[in-house]
Amino acid sequence: MRKFFVLVKKEVQELLTPQMLLPLLIIVVAFVFIGKVAGSEAAKTAEPQPVGILDLDHTNTSALVAQTLSKNNLKLTEFSEISPEEALQQAKNQDLKILFVIPAGFERGFSGKPLSLSIYTILKNFSFIGSRSTQSATVALAQINSALSRELIAEKAPQADPAVLQSPLRTEETVVIGSREAKISVSAVMGFISTQSTFIPIVLFLVITFASQLIALSMATEKENKTLETLLSAPVSRQAMVAAKLVGAGLVALLTAVVYLFGMRYYITGLTAGAGSGTTAASDAFNQLGLVFSAADYALLGLVLFFAILVALSISLILGAFAEDAKSVQGVTAPLMFLVLIPYFLTLFLDINSLSLGLKAFVYAIPFSHAFLAAPNILLKDYSAVFWGLGYMAVLVVIFIYIASRIFSSDKIMTLKLNFRRKR
Amino acid sequence: MNAVEVNDLKKFFGKAPAVAGVDFYIAEREIFALIGPNGAGKSTTLRMLATILQPSEGRATIFGYDVQKESGQVRRLISYLPEEAGAYKTLTGRQYLSFMAELYADSLSQAKEYVAFASDITGLGPRLSDKIRTYSKGMTRKLLLARAVMTRPKLAILDEPTSGLDVINALEIRSIIRKLSREGMSVLLSSHNMLEIEFLSDRVGIIHQGRIYETGTAEALKAKYGARNLEEVFHKIVENS
Ligand SMILES: Nc1ncnc2c1ncn2[C@@H]1O[C@H](COP(=O)(O)OP(=O)(O)OP(=O)(O)O)[C@@H](O)[C@H]1O
Ligand SMILES: [Mg+2]
């Protein structure tokens, strides 16, 4: 057992080189930086947006428009006595986002025909955060519309309730998941799930690919630096060597996962800051629907991740036996990357359960699918699917570790590459 | 009991035999050298005895333990220095020695003892605290050699031990091997350096095309072939085959 730890220590020492740590550090710093910048930009968009208005009508109705706009978190600049072209030029110069032009004769049309209002949106970029600045204007327009409509109703049908005429339909949305239900709109649920679950697959993908690269790399450098032969002649069981490689690479992969998570948290909170997180009513509804991970759920998720990493590591250890130097690591681990990419994209875009039987079998045969499906399955309380996936991965781990230690125990570990070459 | 007994040992890579049936023995405390042209099968034989490669046919025992069936016991008795060996470049010389020592030692104090002994042999002094990637070829070779003998194995299997070393260092290494052998270590080595072999070995085996053509003391072989030195013996055997 002591010798096993000696081997693990060496594996970790070999993998934690400055060449490996530096890119990791750079990525994390970049994440934190982007997160910080995005956060401050998002905060900026939460401030009142500067818009302009040119009223050429000068009536009560046109005043109503300006009034509604200013109530909607918009900083209003009023232009007067100039042409729309001049107003637009000034709006550009003053860095306004939107210019509303109310033409002369606006109110006169107010008797049945639609009124016309010109809106100039001055677009300076296409970013996600940039587009948010126009949202408050959209909300304001809807309010203008309904304010005008109320006026019109009051005038044409004084005895009716304008609110009913405006929207005669009252909806009450209920979302049902399994045996649970809650009064909340489905778009709110989907939004919540997608912010929650974009995170898990990315981390899963990064950790699985990184772990397999690491272990294949450790095999390859062992061959490239010609240390393998010496190691194999040492009085240590080959099973201990296999286990030490798995544990060493697993530990380093886990460490990087934690570092990534830390960086990503900054990044994500930066992006979502100011987007308005859920109200307490909404979070009550999510709780009712069971859409929140309990401690046991997190433990289960961790177990799934652990087995997915083990599968990746044991496959890569076998693949790594084919690598003869660090350069060939990318090549030999490429098939594994496909096995991770396929379920990553499929689970991102499709409902696996609605696929045809053949495709479904194909997806379920890929061990990593079960890792990507675990989080949604846990949220949907489909625990049996999670446990089947776990069992399947556990069986594969046993098989692959067995094959890996067979390769290590025979002289295949020394000769694999040669045979491989001849076959080509 | 003999340190090594080899009976009709063969190794095939695909159809081609790298070792086509060799027989020899090494007595306890003896230094036995395999000499032969490039590709003769020296390293392959040594690897089989070091439990790195599995024999295709035949049998070899080390202090009575079968190299194939009892490789665990064999590994506890031997120490193997591969022909083209390297060390973990990210470790310092001392870290490498302690790593290897801890794999062999039964206790931490024994490991420390191994490291102290090896550090002495390397003659690297303060450079032992430097990363191995900064070492020259000869420095690395000396480190590896020290690593191989630090555990005072019952049998040392050394594939071209002094290759890449300068004259002074090679001389020093030879005398260390000699000394350890007198203290009870048996040695199987291969070499292309005839001077080294005449100085070091008690007996010599001449291997060619995967077969052993002659074994005996250097003196006996020279007498048999009417040669002035081992080089001539070697030449005559290879020419006549
Ligand atoms: N892993 C391998 N796969 C295929 N053939 C091999 C392998 N290792 C050695 N051989 C072949 O076996 C034969 C003997 O090689 P070996 O390395 O034992 O020679 P050697 O006597 O040590 O030569 P040298 O003096 O050059 O070190 C050679 O023909 C070599 O090509
Ligand atoms: Mg050789």
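Two strands pair if DSSP finds at least two bridges between them. Keep that in mind for the first stop. The model on your screen is predicted.

**Stop 1: a hairpin in chain B**

Select residues 203–208 of chain B, which form strand S9. Now pick His208(B): opposite it, in S10(B), stands Arg211(B). S9(B) and S10(B) form a hairpin, with 2 residues between them. Click on Gln209(B) in the turn; its phi is positive, about 50 degrees.

**Stop 2: a second hairpin**

Go to strand S1 of chain B, residues 4–13, and strand S2 of chain B, residues 16–26. They run antiparallel and are joined by 8 bridges. Which residue of S2(B) is the bridge partner of Val6(B)? Select Phe24(B) to see that partner. S1(B) and S2(B) also form a hairpin with 2 residues between them. In this turn, look for Gly14(B), where phi is positive at about 70 degrees.

**Stop 3**

Lys10(B) stands opposite Glu57(B) in S4(B).

Stay on S4(B), residues 57–62, and pick Thr61(B). Is Thr61(B) buried or exposed? Its relative accessibility is 9%, so Thr61(B) counts as buried; the cut-off for buried is under 20%. Show its contacts, leaving out residues up to four places away in sequence: Thr61(B) touches Ala3(B), Val4(B), Glu5(B) and Asp66(B).

**Stop 4: the magnesium ion**

Select ligand 2, a magnesium ion. Its protein donors are Ser43(B), through OG, and Glu83(B), through OE. They lie 1.9 to 2.4 Å from the ion. Ser43(B) sits in helix H1 of chain B, residues 42–49, while Glu83(B) is in the loop between strand S6 (78–81) and helix H3 (93–104) of chain B, so the pair ties together parts that are 40 residues apart in sequence.

Ser43(B) is buried, at a relative accessible area of 14%. Glu83(B) counts as partly exposed, at 33% relative accessibility.

**Stop 5: the nonpolar cores**

In soluble globular proteins, nonpolar side chains tend to be buried together. Look for that here. The largest nonpolar core has 126 residues. Select Phe24(B), Leu49(B), Leu103(B) and Leu188(B), which touch the most other members. Then switch to chain A: its helix H11, residues 238–272, gives the largest share of this core, 11 residues. A second, separate core has 41 residues, including Ile177(A), Ala282(A), Leu289(A) and Phe293(A).

Return to Leu188(B) and show its contacts, leaving aside neighbours within four places in sequence. Among them are Phe24(B), Ile26(B), Phe32(B), Leu34(B) and Leu46(B).

**Stop 6: zoom out to chain B**

Now display the whole chain. Chain B has 9 helices and 10 strands. Its radius of gyration is 18 Å, close to the 18 Å that the globule rule gives for 241 residues, so chain B is as compact as a globular protein of that length. Along the principal axes, its C-alpha atoms fill a box of roughly 50 × 40 × 35 Å.

Colour chain B by burial: buried residues make up 58% of its 241 residues. Finish with the surface. Chain B exposes about 10200 Å², and carbon and sulfur atoms supply 48% of that area.

Notes:
Residues are numbered from 1 along each chain as its sequence is written. Chains are lettered from A and ligands numbered from 1 in the order in which they are written. This is a predicted model: local features need pLDDT of at least 70, side-chain atom pairs count only at pLDDT 80 or more; totals for chains, interfaces and linings use all residues. Side-chain values use heavy atoms; hydrogens and water are left out. Helices (H or I, at least four residues) and strands (E, at least two) are DSSP runs, numbered from the N terminus. Donors are N, O and S atoms within 2.8 Å of the metal (3.2 Å for Na, K and Ca); water is not among the atoms, so sites may look incomplete. Buried means under 20% relative accessible area, exposed over 50%, partly exposed in between (1.4 Å probe, protein chains only). The radius of gyration is taken over C-alpha atoms; the globule rule is 2.2 Å times the number of residues to the power 0.38. Accessible areas come from the Shrake-Rupley method with a 1.4 Å probe; for residues, only the protein chains shown count as cover. Contact means heavy atoms within 4.5 Å. A nonpolar core is a set of buried Ala, Val, Leu, Ile, Met, Phe, Trp, Tyr and Cys residues joined through side-chain atoms within 4.5 Å.
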